[in-house]
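Here are a few notes to read alongside the structure. Keep the 3D view open and look up each residue as you come to it.

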Amino acid sequence: MASILFYILGFVMLAATLLCVTCRNPVHAVIYLVKGFFALALMFYLLGAPLIAAWEVIVYVGAIMVLFLFIIMVLELAPREQPQEPGWQRWVPGLLLAASIMICTLLIIFQDPSAASHGPNHFVGPREFGEALFGKYALAVEVVSFQLLFAAVGAYYLGRYQPRRRNEEDQT
Amino acid sequence: MNGLELIALTPVLILVLGGTALLMAGAWYRQPDPLLAGGISVALAAGLSALLLTPPVQEIAGLFSSTPYARFFTLFWSLSAALMLVISVRYVKERSLPAGEYVSLVLFATAGMALLSSATSLIGIFLGLEAFTLAFYILIACNRHCDLSAEAGLKYLVMGAVATGFMAFGIALIYACSGSFHLPEALQGLAAAGALRPWGLLGWGMLLVAIGFKISLVPFHLWTPDVYQGAPTPVVSLLATGSKGAVAAALIGLFASGPSGWTDMTSLLWLLSALTMLVGALCALPQTNIKRLLAYSSVVHMGTLLIGLLCQTSDGLAASVFYVTVYCIASLGSFAIITSMADGTSEPTDLEQWRGLGYRHPVRCGVLTVLLLSLAGMPPTAGFMAKFAIFHASIQADFIGLALVGILASLISFAFYLKVIMVMFMTDETAPACHPGTTLEHSVLAICTGAVLLFGLFPGLLFDLIGSILP
């Protein structure tokens with residue numbers, strides 16, 4: 001059961017990301033990527049990592065992809081013209097992907113396949129996860145946090161509007 | 001993680017915390033001089049602590065180590081960063097780059113290099129590599145008044161992201177095959193993997209692709225000349241030495257920790273090495289921009305370095321470490337000379353601007369000649385000993401074909417190194433005079449030239465040291 005779900009989700013994920021890359025409309029691409037992330041989250045759940053699955057939905061789908069949508073809106077990248085035809089065909093791939101993700105989710109909810117096959121100790125809970133992250137891998141977390149700090153510094157410096165202003169202020 | 005492990009991390013802690021402190025200071029004090037002086041002293045302090053203070057610990061949190069090998073490279077990258085910051089002093093002021101950000105990013109990149117050279121686990125390799133790559137994304141693009149700099153930054157970012165993807169996927173496959181991130185176990189797991197073995201080999205191949213991007217082996221070298229041309233020259237001096245050298249050091253460590261996994265890759269590495277040397281040397285011939293020329297020269301050097309690794313003997317590995325060290329010194333010195341000739345707006349990068357410059361600036365052009373001859377491999381310099389050791393080890397390990405390709409590539413390389421020397425000394429004096437350079441910059445040149453000549457005349461000094469630190 002779990003392996004069948006795994007392959008279905010894998011196919012959904014590949015199809016969604018492929019459509020995301022080939023799709024010309026950036027908003028549609030974001031929607032397909034969101035579907036890919038949902039499938040990935042379910043896969044993490046099947047592998048016994050419910051916390052990662054939740055974060056995948058909260059952080060990637062909830063925060064990062066919404067940010068992408070905002071950027072597309074702010075930069076006005078979305079095509080302005082309305083589609084010529086009603087075009088129910090363009091709904092088909094998205095609906096199919098969404099339906100298969102939905103069915104997989106319902107299946108997992110109503111008859112938890114991985115719990116049945118592997119026993120209760122298989123799942124890595126938040127406490128265990130946190131202990132590993134801030135115990136065994138504390139140094140790695142520190143290195144990553146410094147990377148994020150310097151990434152923020154760089155993004156601020158490179159993305160700042162009107163770079164010459166500060167130099168002029170210094171000279172006056 | 002216990003107290004001893006924390007003490008063993010001191011050099012990295014000094015670099016990272018010092019960098020953060022200078023970043024904070026840069027928010028209030030905009031004067032570049034004190035910030036750069038602070039950066040130089042932080043780098044020197046980290047080097048000193050790696051030399052004197054650090055206890056040899058085999059495992060720090062299962063990710064890094066502070067073996068003598070790791071300490072040697074930590075010291076070496078700290079000194080390189082200090083020299084790079086010394087030549088940046090005038091450059092940063094004249095181009096009004098943000099001193100606080102610049103210094104802190106350089107120090108963080110150095111910490112990343114130190115971590116990468118001392119990694120004992122695939123996670124450690126990934127973290128160290130990403131740490132300095134991330135700093136370089138920003139450093140390369142940090143000259144905001146120059147379009148080429150932004151272009152170079154974007155190219156490095158895209159290539160780096162692709163390489164990161166390859167590396168993460170490769171590490172995942174290796175983990176799936178061997179069940180361990182820790183290098184010796186990961187290599188042993190590959191040997192005993194059974195049905196999963198092809199996936200593990202694919203993982204190592206993808207890891208090799210990512211490493212190939214970073215040290216610009218030939219199918220993955222296309223970013224190198226553009227990035228070197230566009231990036232600020234002091235940044236290139238660290239990019240060409242520290243970033244490539246640290247990856248090479250990690251690769252040497254990989255080969256030293258367990259040769260069993262690499263026997264399957266011998267033919268692949270053979271091909272990569274031969275292609276890298278030949279294509280690099282041939283592409284360097286028509287270049288008229290000295291930074292692009294040095295970029296292709298670095299490609300050739302990384303190919304030659306692979307020969308030493310392929311031998312998988314202790315001689316070959318020692319020769320590789322010697323080669324990396326000498327290449328870094330000569331390369332840093334060459335870019336330091338270009339930096340010292342740059343004034344506020346321009347720098348002599350086109351070979352037309354070097355015509356007859358040997359008569360206007362005889363000392364610096366003489367120094368550049370020595371360094372280029374070292375890169376080419378002429379006898380009184382250390383470059384000759386480095387190439388000799390590599391080829392000697394490869395012939396002893398029965399890689400005679402590869403050694404012949406390497407010698408052929410070295411002969412082709414002579415043509416483009418000598419072209420620069422000819423333009424400087426054997427043409428009419430048509431180029432305008434450049435910036436005379438400051439005492440600080442001249443002292444960096446003196447250190448690099450001195451080291452190149454010292455290790456060329458007394459290679460035993462460095463070889464004995466390397467023999468005692470190799471894992």
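Predicted model: local features only at pLDDT ≥ 70, side-chain atom pairs only at ≥ 80, totals over all residues.

1. Let's begin with the largest pocket, which holds about 2200 Å³ of space. Its lining is made of 50 residues. If you want to find its centre, look for Phe44(A), Ile52(A), Tyr60(A), Phe126(B) and Ala168(B), which lie nearest to that point.

2. Sorted by class, the lining of the largest pocket has 42 nonpolar residues, six polar ones and two charged ones.

3. The second largest pocket has about 600 Å³ of space and a lining of 30 residues. Nearest its centre are Phe72(B), Leu75(B), Phe76(B), Leu79(B) and Ile329(B). The elements of chain B that supply two or more lining residues here are α3 (32–53), α4 (68–94), α14 (314–341), α19 (439–457) and α20 (459–469). Of these, α4(B) provides the largest share, ten residues.

4. Stay with the second largest pocket for a moment. By class, its lining counts 25 nonpolar, four polar and one charged. At least three lining residues come from each of two domains of chain B, namely domain 1 (1–160 + 233–254) and domain 2 (258–471).

5. Now for the aromatic rings, which form 19 pairs over all chains. Take Phe150(A) and Phe108(B): their ring centres are 4.4 Å apart and their planes meet at 20°, which is under the 30 degree limit, so this pair counts as stacked. The pair crosses between chains, joining helix α7 of chain A to helix α5 (residues 99–117) of chain B. Are these two residues buried or exposed? Phe150(A) is buried, at 0% relative accessibility, and Phe108(B) is buried too, at 4%.

6. Phe416(B) and Tyr417(B) make a tilted pair, with 4.7 Å from centre to centre and 45° between the planes. Phe416(B) counts as buried because its relative accessibility is 0%, and Tyr417(B) counts as buried at 1%. Ring pairs also link a cluster made of Tyr69(B), Phe72(B), Phe73(B), Phe76(B) and Trp77(B).

7. Have a look at Thr449(B) in helix α19 of chain B. With a relative accessibility of 10%, Thr449(B) is buried. Leaving aside residues up to four places away in sequence, Thr449(B) touches Val367(B), Val370(B) and Leu371(B).

8. Finally, two backbone angles deserve a check. Most residues other than glycine have a negative phi. Ser96(B) is not a glycine, yet its phi is positive, at about 45°. Ser96(B) sits in the loop between α4 and α5 of chain B and is partly exposed, with a relative accessible area of 31%. Gln312(B) also has a positive phi, near 55°. You will find Gln312(B) in the loop between α13 (290–311) and α14 of chain B, where it is partly exposed at 27% relative accessible area.

Terms used
Residues numbered from 1 in each chain as written. Chains lettered and ligands numbered in written order. Heavy atoms only, no water. 1 Å grid on protein atoms, 1.4 Å probe; cavity = no way out; pocket = protein on both sides within 12 Å on 5 of 7 lines; lining within 4 Å. Points joined across faces, edges and corners; volume = space filled by probe spheres on them. Nonpolar A, V, L, I, M, F, W, Y, C, P; charged D, E, K, R; others polar. Helix = DSSP H or I, 4+ residues; strand = E, 2+ residues; numbered from the N terminus. Domains from an automatic or database assignment. Buried < 20%, exposed > 50% of the residue type's maximum accessible area, 1.4 Å probe, protein only. Contact = heavy atoms within 4.5 Å. Phe/Tyr/Trp six-rings, centres within 6.5 Å; stacked < 30°, edge-to-face > 60°.
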